[in-house]
Amino acid sequence: MNSKKEHMLEALELANRGALTTSPNPMVGCVITHDNKIIGRGWHEISGENHAEINAIEDVINNLGDKAKEVLSESELFVNLEPCTTYGKTPPCADSIKEYGIKKVYFCNEDKAQKSFTKMHPEIEVEKGILENEGRKLNRGFFSRIERGRPYISCKVASSLDGGIALLSGESKWITSSNSRKDVHKIRAYADAILTGTGTLSKDDPRLTSRDSGLNESLFKQPLRVIVDRNNVLTGKEEIFSSDAPTLLFLNEESQLKEKDGIEIAKLKASPNLFLEEVVNYLAEEKLINNLMVEAGSGIMNSLLQERLIDELVLYKAPKLLGENRLSFINLDVVTKKLGTIDLEIEDIEELGQDIKYSLVPKY
Ligand SMILES: NC(=O)c1ccc[n+]([C@@H]2O[C@H](COP(=O)([O-])OP(=O)(O)OC[C@H]3O[C@@H](n4cnc5c(N)ncnc54)[C@H](OP(=O)(O)O)[C@@H]3O)[C@@H](O)[C@H]2O)c1
């Protein structure tokens, strides 16, 4: 790996420190170099506070004191996302980069939410596209919301070897090992919202909060719980009405449920012919959701797959057979009639105790 890539890799690692806190903003990290040596580092922690570039410039000033201005004017800056050019909650980073006379800016990915840095500041040399794929992957949720108008959608499925997600009697809680369940709580912590179906709420009544992940719970916000109830199945007594986390309900016109502390009713109504695409677009536009996790049964999973809305399937396979009394995670007869065979690309495989976790990307 050459030094440009090494510096960008460090910027990406710094960016990743914001994984639990930056949303709806992207994760951004920055290193500043002089004569190819790193003289300052920064990362973006929370929306409304300094961006990574400003924190890195301040780090150089702390490290070098009086000499900082002169050194900065001969330095180069590596940042994973194109520097911002417009006023948001903070002034544009491009202005500070220009003010300190930084010679060259390297970035992985363009930011379509901004006016082009390159066009607005032709006087600053730019090289883009370094570790482009790694940068896209890190901020896949942010890019999905900005470029496609919907969140990146990751569906978690805990299944037996014969593809069962529950017994027909409804029992499903203990298919996978405690290691896998801990991992699910971790994924919840990194998600901005969790969508489930009324079938899962009626059978399991989950709390859908991140509790046993091993992460420090004071460091992150609980994800928004999202439910679409087309047929007034909810009673108002389910666990998702607890105050542990905020909840957003898509209800039909006749629903008697009312808003209260932590419970919001979406403006979009859940009519029987509502497409889930409208729901996820609403989540991006109204709630700035970058990463949506789905933990539902085959009802919601079938609908998502038919609408080609599943970006990633996170499948925990346990060494267990549920036999003929099992509920399958996808009703393949229904789904494949519309889509044909569905190929999945394996992105990652991990052993978790006795279980195997697959990260799979559907090739529609
Ligand atoms: N192992 C696991 O990972 C896992 C995870 C979650 C759940 N489960 C198990 O799955 C079982 C429940 O399965 P399920 O299929 O009944 O649950 P579900 O997917 O949570 O909910 C199904 C309900 O969602 C609604 N629905 C379907 N398509 C929709 C759409 N396009 N828009 C809005 N709503 C839609 C339908 O209700 P309406 O027709 O009334 O709208 C349907 O009855 C439970 O036994 C649970 O334990 C297992």
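Mentor: Two strands count as paired if DSSP finds at least two bridges between them. Helices (H or I, at least four residues) and strands (E, at least two) are DSSP runs, numbered from the N terminus. The model is predicted: local features need pLDDT of at least 70 and side-chain atom pairs count only at pLDDT 80 or more, while totals for chains, interfaces and linings use all residues. Residues are numbered from 1 along each chain as its sequence is written.

Trainee: Which residue in E16 does Tyr316 stand opposite?

Mentor: Tyr316 is one of the residues of E13 that point the same way as Glu312, Val314 and Ala318. E13 is joined to strand E16 (residues 355–363) by 5 bridges, and the two run antiparallel. The residue of E16 opposite Tyr316 is Lys357.

Trainee: In which sense do E6 and E13 pair?

Mentor: Ser160 stands opposite Ala318 in E13. There are 7 bridges between E6 and E13, and the sense of the pairing is parallel.

Trainee: How many residues of strand E13 are buried?

Mentor: A residue is buried if 20 or more other C-beta atoms lie within 10 Å of its own, exposed if 12 or fewer, and partly exposed in between, with C-beta atoms placed from the backbone. Leu313, Leu315 and Lys317 point one way from E13, Glu312, Val314, Tyr316 and Ala318 point the other way, and all are buried. For strand E13 (residues 312–318) the count is therefore 7 of 7.

Trainee: Which strands stand at the edges of the open sheet?

Mentor: The sheet has 9 strands with mixed pairing, in the order E11-E10-E9-E8-E12-E6-E13-E16-E15. A strand with a single partner has one side left without a neighbour in the sheet, so the edges are strand E11 (263–265) and strand E15 (343–352).

Trainee: What angle does the direction of helix H10 make with that of E9?

Mentor: Axes are lines fitted to C-alpha atoms, for helices over the stretch in contact, and angles run from 0 to 180 degrees between N-to-C directions. With direction ignored, neighbouring strands of this sheet are turned by 25 degrees against each other on average. Helix H10 (residues 276–287) packs on the sheet, touching E6, E8, E9, E10 and E12, and its angle with E9 is about 140 degrees.

Trainee: Which residues touch the most other members of the largest nonpolar core?

Mentor: A nonpolar core is a set of buried Ala, Val, Leu, Ile, Met, Phe, Trp, Tyr and Cys residues joined through C-beta atoms within 7 Å. Leaving aside neighbours within four places in sequence, Cys155 is in contact (C-beta atoms, placed from the backbone, within 7 Å) with Val294, Met301, Leu304, Ile310, Leu313 and Val314. Apart from this core lies another of 34 residues, including Met8 and Val28. Of the 45 residues in the largest core, those that touch the most other members are Cys155, Ala193, Leu292 and Val294.

Trainee: Is Pro24 buried, exposed or partly exposed, and with how many other C-beta atoms within 10 Å?

Mentor: Pro24 lies in the loop between helix H1 (3–16) and strand E1 (29–34). Beyond its neighbours within four places in sequence, Pro24 is in contact with Ser47, Leu288 and Asn290. Pro24 is partly exposed, and the number of other C-beta atoms within 10 Å is 16.

Technical notes: Two residues are in contact if their C-beta atoms, placed from the backbone, lie within 7 Å.
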